[in-house]
Amino acid sequence: MADHGREPLDIRIDSPGREGLTGTTPANIYRPLEDAEQVTIAPNGRPMDEQPAWRTDFPIDWPQDHYVERRDFMKFMVLTSLAFVAGQLWIAAESWLRRLRGRPGLTRLAAVGDLPVGATHTFMYPTDHDPCVLVRSGEQSFVAFSQECTHLSCAVVPRVEDGVIRCPCHEGLFDLASGRPIAGPPRRPLSIVRLEIRGNEIFATGIEERTV
């Protein structure tokens, strides 16, 4: 049954009776928003029509400049992250290659009788490019370490009477018993050469690289 007391509703969204209702205003009635990254703003902040004539020849778009700065910063961060990841992958590859080469072979270093207490003996291990030093610190005590300082790879020198291994380049000191740093710039301990005594002979059986 028709309601004669009301006029029929006009379904058109642009009719006068529907103006302002939510969701009924045509999209083309709004002015497009300006892209903040593309708006030209002069360094003094005044409108462009108030800028000197030379400004049009040398425009400076501050939002665009800031956008470029942010883009360059992100590019720098991405490249830095990639470099860090590449470094970590290189370290992992080096460790994998060391394991692939297998355990260093058994190498004779010296005879026990050739080293009196306090004496030292230098040798190359595990390759001909890895200098090491053997120390007889006591009647039954032998220790051996890499001779390369963990700071800048200077050759270290044992001082058995003081119980230390000294780096003469920057006055670094390592504990003679453990090879751990006790003074100076070095922060990492010396690599330990594992020893085995068979009869009267001293052998190197492996090397242990440490970080702490």
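The legends below describe an overall view and several close-up views of one predicted protein model.

Residues are numbered from 1 along each chain as its sequence is written, and side-chain values use heavy atoms, with hydrogens and water left out. Because the model is predicted, local features need pLDDT of at least 70 and side-chain atom pairs count only at pLDDT 80 or more, whereas totals for chains, interfaces and linings use all residues.

**Figure 1. Overall view of the protein, with two helices and 10 strands.** Helices (H or I, at least four residues) and strands (E, at least two) are DSSP runs, numbered from the N terminus. The order of elements from the N terminus is α-α-β-β-β-β-β-β-β-β-β-β. Of the 212 residues, 25% count as buried, where buried means under 20% relative accessible area, exposed over 50% and partly exposed in between (1.4 Å probe, protein chains only). The accessible surface comes to about 15,200 Å², and carbon and sulfur atoms hold 58% of it. Accessible areas come from the Shrake-Rupley method with a 1.4 Å probe; for residues, only the protein chains shown count as cover.

**Figure 2. A nonpolar surface patch of Phe 73, Met 74, Phe 76 and Met 77.** Together these residues have about 430 Å² of accessible area. Phe 73 lies in helix α2 (residues 62-101). Patches are made of residues with over 30% relative accessible area and no salt bridge; like charges are joined within 9 Å, and nonpolar side chains (Val, Leu, Ile, Met, Phe, Trp, Tyr) within 5 Å. A salt bridge is a side-chain nitrogen of Lys or Arg within 4 Å of a carboxyl oxygen of Asp or Glu.

**Figure 3. The open, antiparallel sheet β5-β6-β7-β8.** Its edge strands, β5 (157-159) and β8 (181-183), each pair on one side only. Two strands pair if DSSP finds at least two bridges between them. Strand β7 (residues 172-175) is joined to β8 by two bridges, and Leu 173 stands opposite Ala 183 in β8.

**Figure 4. The hairpin of β9 and β10.** Strands β9 (residues 192-198) and β10 (residues 201-208) pair in the antiparallel sense over seven bridges. Glu 196 faces Phe 203 in β10. Two residues lie between the strands, and Gly 199 in the turn has a positive phi of about 65°.

**Figure 5. Gln 147 in the loop between β4 (141-146) and β5.** Gln 147 counts as buried because its relative accessibility is 15%. Leaving aside residues up to four places away in sequence, Gln 147 touches Thr 122, Pro 131, Cys 132, Val 133, Cys 154, Ala 155 and Val 156. Contact means heavy atoms within 4.5 Å.
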